[in-house]
Each structure stands twice: as structure tokens, then as C-alpha cells.
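Here is a short report for a reader meeting this structure for the first time. Look over the sequence and the model, then read on.

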Amino acid sequence: MRASVLHIVVAAGSGSRFGAEVPKQFCYMGGLPVLMHTVNALRHTGSGEVVIVLSTDMVDYWNTLCEKHGFRSPDIVIGGATRWQSVRNAIVSKGICADIISVHDGARPLLSPNLITRLISEVKSGSHAVIPVMPVTDSIRRVDVNGENVAVDRKSYFAVQTPQVFDGNVLREAYSKTESPLFTDDASVVESIGVKVTLTEGEPTNIKITHPLDLAIAEAILNDIKK
Ligand code: C5P
């Protein structure tokens, strides 16, 4: 039987580090808002339904953008005060039955169809949680509570990307527990109930737009992909 897949795109954050009037997921890149690129990339795989998570005050603006670009919006879920709450709201309202659930940051518009297909197939093969990671190329230092710093071996560290893909039952169980301030992604949530997280190679182009410069870099990557 074919496994049902739900893609949750979280985009309810205000993106305060970005510093623009409009949240980063609505900024333009190659003629389209960032979030439309993200949704298109997931739809392109034809692997499952996409839902987007927005805050209440974003919905009218998003609908205006969709009308302007003739874009069919995925179903919208209203997010919460934290990323964890936004994901939990989407699971509770749209993810009750999905066999496989992927969670992706709306501000990562350049994921490739190949990456999402690869992650899903690893979960179909029996992994409970699969996440894309990249080796760290900068030198790394750890700073302790006293402000003392020490060099650490960067080969032991990886930068984590999304989409993160899960067995649906595992993700539902993890999100039925209490929120912790240590949860910065979904892998940390499933790990808290004892689930092993499998790492797989991410993509250098799958950047998260956090600062205005990232938007310029993403646009340059997009132009390069189109060549
Ligand atoms: O702040 P950060 O960039 O780590 O947020 C990661 C993703 O989580 C973003 O796509 C953001 O829109 C989303 N988010 C959310 N609800 C929140 C906070 C963040 O959907 N309350």
C-alpha cells in the first residue's frame, strides 16, 4: 500500500533577525515570494499534501500575494508562539493519519526534489527519523558559563537542515509530550522520547534565509540553478 505523506511548512515566525518590514518568508526572490518557492519545491516531488503554518496576522497578506501571483495556496494552519507550537498545531489539525510527516522551514526555498525524495525513501526503508546535515567548515570553539573558550574538533559537529522526515506515529507521540526550551528542531523533539535520529547528507544550497544577505545569496543560487 502507498504510504501517505504530509509536508508541514512552518512559516509563522516573525523573523526578527531579518529586520525587514515584511517577514523573510514573504520577501521576493526571482520574482516570487520565498514561501511560494518552498511550496513549489515540495509540490514538484508529487510526494504528498503540503500544509503551511502562518500566524493569524499573516493570513490576509499571504492571500493577497496568492491572488497577485495566481498561486493556489496549500491549506493554512495557524501557528503558535514557538516553532514547537506551530508544528504541534499542524500535526493535531492535519497530521492525524499521515504515515510519514516531513517538517520544513518556510525560509529554506532551495531544497531540491532529490533531497526530499531521498529522505522519504529512507523513512520508508525503516528509519524513524531522518535529517539532512552538513559538515561544519569553520573552526569551532566552545564557550563555557564562565566565558572561557576552547577549540573543539569540528569533525564531531554537523549543521542541521530541514526537511526532517519522520515516521508519522513517532512524530505524533513525540509532540504529545511537553515542550522544552531545548527543542530547536523536530529531531530534538523525537530524540527526547528515545528515538534514534539518522543523519544523511544535506545540500550546500539548502540555506535558511535568516539575514538580508542570505536573500541575495539565495537569489544568486536560484539564477545558477535555472542556467
Ligand atoms: O527562527 P527560526 O529561523 O529558527 O525559525 C525556523 C522556522 O520556524 C521558520 O520557518 C519560522 O517561520 C518557523 N516558526 C514558526 N512559528 C514560530 C516560530 C518560528 O512557524 N512561532
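## The second largest pocket

Strands S7 and S10 each give at least two residues to the lining of the second largest pocket. The model is a predicted one. This pocket has a volume of about 260 Å³. Its lining counts 13 residues. Nearest its centre lie Met 134, Ala 159, Gln 161, Pro 204 and Ile 207.

What classes of residue make up the lining of the second largest pocket? There are 7 nonpolar, 2 polar and 4 charged residues.

## The largest pocket

The largest pocket has a volume of about 970 Å³. It is lined by 41 residues. Closest to its centre are Arg 17, Arg 83, Asp 105, Thr 184 and Lys 208.

By class, the lining of the largest pocket has 16 nonpolar and 16 polar residues. Another 9 are charged.

## The cavity

How many cavities of 30 Å³ or more does the structure hold? It holds 1. The largest cavity has a volume of about 30 Å³.

Its lining is made of Arg 83, Trp 84, Tyr 175, Phe 183, Thr 184, Asp 185 and Val 189. By class, 4 of the lining residues are nonpolar, 1 is polar and 2 are charged. Arg 83 and Thr 184 line this cavity; both are also among the residues closest to the centre of the largest pocket.

## Nonpolar cores

The largest nonpolar core has 28 residues. Which of them touch the most other members? They are Ile 8, Val 53, Leu 171, Tyr 175 and Val 190. The largest share, 4 residues, comes from H3.

Take Leu 171 as an example. Leaving aside neighbours within four places in sequence, Leu 171 is in contact with Ile 91, Ile 101, Val 103, Phe 166 and Val 190. Another core lies apart from the largest one. This other core has 26 residues, among them Leu 35, Ile 52, Leu 115 and Ile 120.

Trp 84 is found in helix H3. Is Trp 84 buried or exposed? Its relative accessibility is 8%, so Trp 84 counts as buried. Not counting residues up to four places away in sequence, Trp 84 touches Tyr 175, Lys 177, Thr 178, Glu 179, Phe 183 and Val 189. Of these contacts, Tyr 175, Phe 183 and Val 189 also line the largest cavity with Trp 84. Gly 15 is 69 residues from Trp 84 in sequence. In space the two are 15 Å apart, C-alpha to C-alpha.

Thr 82 lies in the loop between strand S5 (75-78) and H3. Its relative accessibility is 30%, so Thr 82 counts as partly exposed. The side chains of Thr 82 and Glu 179 are joined by a polar contact of 2.7 Å. Phe 183 is 101 residues away from Thr 82 along the chain. Their C-alpha atoms are separated by 9.9 Å.

## Asn 206

Where is Asn 206 placed? Asn 206 sits in the loop between strand S12 (198-201) and helix H7 (212-226). Its relative accessible area is 0%, so Asn 206 is buried.

One is with the side chain of Gln 161, at 3.1 Å. The other reaches the backbone oxygen of Thr 162, at 2.7 Å. Leaving out residues up to four places away in sequence, Asn 206 touches His 104, Arg 108, Leu 110, Leu 111, Leu 115, Gln 161, Thr 162 and Pro 163. Among these, Leu 115 belongs to the core of 26 residues, and Gln 161 is one of the residues nearest the centre of the second largest pocket.

## Asp 60

Asp 60 is found in helix H2 (residues 59-69). Asp 60 is exposed, because its relative accessible area is 63% and the cut-off for exposed is over 50%. Thr 117 is 57 residues from Asp 60 along the chain. Their C-alpha atoms are separated by 32 Å.

Technical notes
Residues numbered from 1 in each chain as written. Predicted model: local features only at pLDDT ≥ 70, side-chain atom pairs only at ≥ 80, totals over all residues. Heavy atoms only, no water. Core = buried A, V, L, I, M, F, W, Y, C linked by side-chain atoms within 4.5 Å. Buried < 20%, exposed > 50% of the residue type's maximum accessible area, 1.4 Å probe, protein only. Contact = heavy atoms within 4.5 Å. Polar contact = N/O pair within 3.5 Å; in protein donor to acceptor, adjacent residues only side chain to side chain. 1 Å grid on protein atoms, 1.4 Å probe; cavity = no way out; pocket = protein on both sides within 12 Å on 5 of 7 lines; lining within 4 Å. Points joined across faces, edges and corners; volume = space filled by probe spheres on them. Nonpolar A, V, L, I, M, F, W, Y, C, P; charged D, E, K, R; others polar.
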